[in-house]
Amino acid sequence: MPQAGKNTDFGFQEVPLEDKQALVDDVFHSVASRYDLMNDLMSGGLHRAWKAALVTAVNPPKGERPFALLDMAGGTGDIAFRVIEAGGTDTRTTVVDINADMLEVGRERAAERGLDDAITFVEGNAEALPFPDRSYDAVTIAFGIRNVPRIDKALAEAHRVLRLGGRFLCLEFSAVDVPGLDALYDLYSFNVIPALGRAVVGDAEAYRYLVESIRRFPRPDTFAEMMRAAGFRRVAFQRMSGGIVALHSGWRL
Ligand SMILES: C[S@@+](CC[C@H](N)C(=O)[O-])C[C@H]1O[C@@H](n2cnc3c(N)ncnc32)[C@H](O)[C@@H]1O
């Protein structure tokens with residue numbers, strides 16, 4: 001169980017920056033074995049459409065052209081599996097995640113699907129990637145960046161490991177901006193999701209933390225500025241599902 005922190009006026013846990021990673025690690029340790037099932041339940045399957053949009057933007061080459069993808073905070077490997085499926089015969093993916101339990105679930109899935117050769121799971125911190133400069137054609141992060149304590153460091157690392165002309169894509173929950181939907185979304189997020197967390201993984205607090213982290217995440221235009229500050233060019237974003245999520249894009253040029 002994640003440790004309870006001090007509550008803010010809004011009832012959110014106030015977690016000092018230096019304690020945030022340990023809290024996040026507890027959350028994903030707690031949910032790892034049922035993480036993929038929970039994604040389907042919480043989003044009503046919508047996460048599949050959001051991830052499909054991300055993979056379309058990655059646009060891995062068909063045929064035999066080599067293509068190397070790094071999926072940061074890649075957890076159980078969902079994005080990597082989808083990119084391998086969409087790409088050609090020489091598509092190689094690396095999943096880096098700080099949580100060994102999430103990676104272990106991913107490794108088992110890769111073995112079941114016979115994809116061990118196309119996907120490598122690496123334990124590591126997005127703030128200090130264990131990879132050389134300019135080593136990937138594309139870098140992705142899906143529903144991961146808001147969990148990283150120092151977002152600016154993770155963005156700088158994504159930029160560092162991309163080759164020139166490579167693309168960074170970040171899928172993240174965002175700010176609902178459709179009147180009516182926002183109230184419904186709040187009701188759902190703060191009531192239904194923790195209840196689902198309790199019923200399915202036996203941990204409502206973990207999912208309460210995840211909902212709170214969505215609300216704290218910068219708005220898309222602010223995040224786009226952070227990407228520019230990290231060195232990305234042609235930065236753009238696209239809101240999806242009324243702003244529930246946003247797909248951010250930037251290039252290393
Ligand atoms: C919500 S999950 C997303 C998993 C996967 N990208 C997906 O879309 O299914 C967030 C992931 O971020 C990972 N994470 C959190 N902090 C991290 C860090 N500093 N470096 C690398 N991974 C991190 C967690 O361990 C967890 O697997």
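**The ligand and its surroundings**

An oxygen atom of the ligand is placed 3.2 Å from an N or O atom in the side chain of Tyr 35, a polar contact (a pair of N or O atoms within 3.5 Å). The model is predicted, with local features requiring pLDDT of at least 70 and side-chain atom pairs pLDDT 80 or more, while totals for chains, interfaces and linings use all residues. Residues are numbered from 1 along each chain as its sequence is written, and side-chain values use heavy atoms, without hydrogens or water.

The side chain of Gln 21 brings an N or O atom to 2.9 Å from a ligand nitrogen, and at Ala 73 a backbone N or O atom lies 2.9 Å from a nitrogen of the ligand. Taken alone, the ligand would expose 600 Å², of which the protein buries 99% (Shrake-Rupley areas, 1.4 Å probe).

The ligand has 20 residues around it, each with a heavy atom within 4 Å. Gln 21, Asp 97, Asn 125, Ala 126 and Ala 142 come nearest. By type, the shell holds 10 nonpolar, 8 polar and 2 charged residues; Asp, Glu, Lys and Arg count as charged, and Gly as polar. Helices α1 (17-31) and α2 (35-43) each supply at least two shell residues, and α1 gives the most, with 3. Helices here are DSSP runs (H or I) of at least four residues, numbered from the N terminus.

Beyond its neighbours within four places in sequence, Arg 82 is in contact with His 47, Arg 48, Lys 51 and Val 55 (heavy atoms within 4.5 Å). Between Arg 82 and Thr 56, 26 residues apart in sequence, the C-alpha to C-alpha distance is 9.8 Å.

Key. A polar contact is a pair of N or O atoms within 3.5 Å; within protein, one must be able to donate a hydrogen and the other to accept it, and residues adjacent in sequence count only if both atoms are side-chain atoms.
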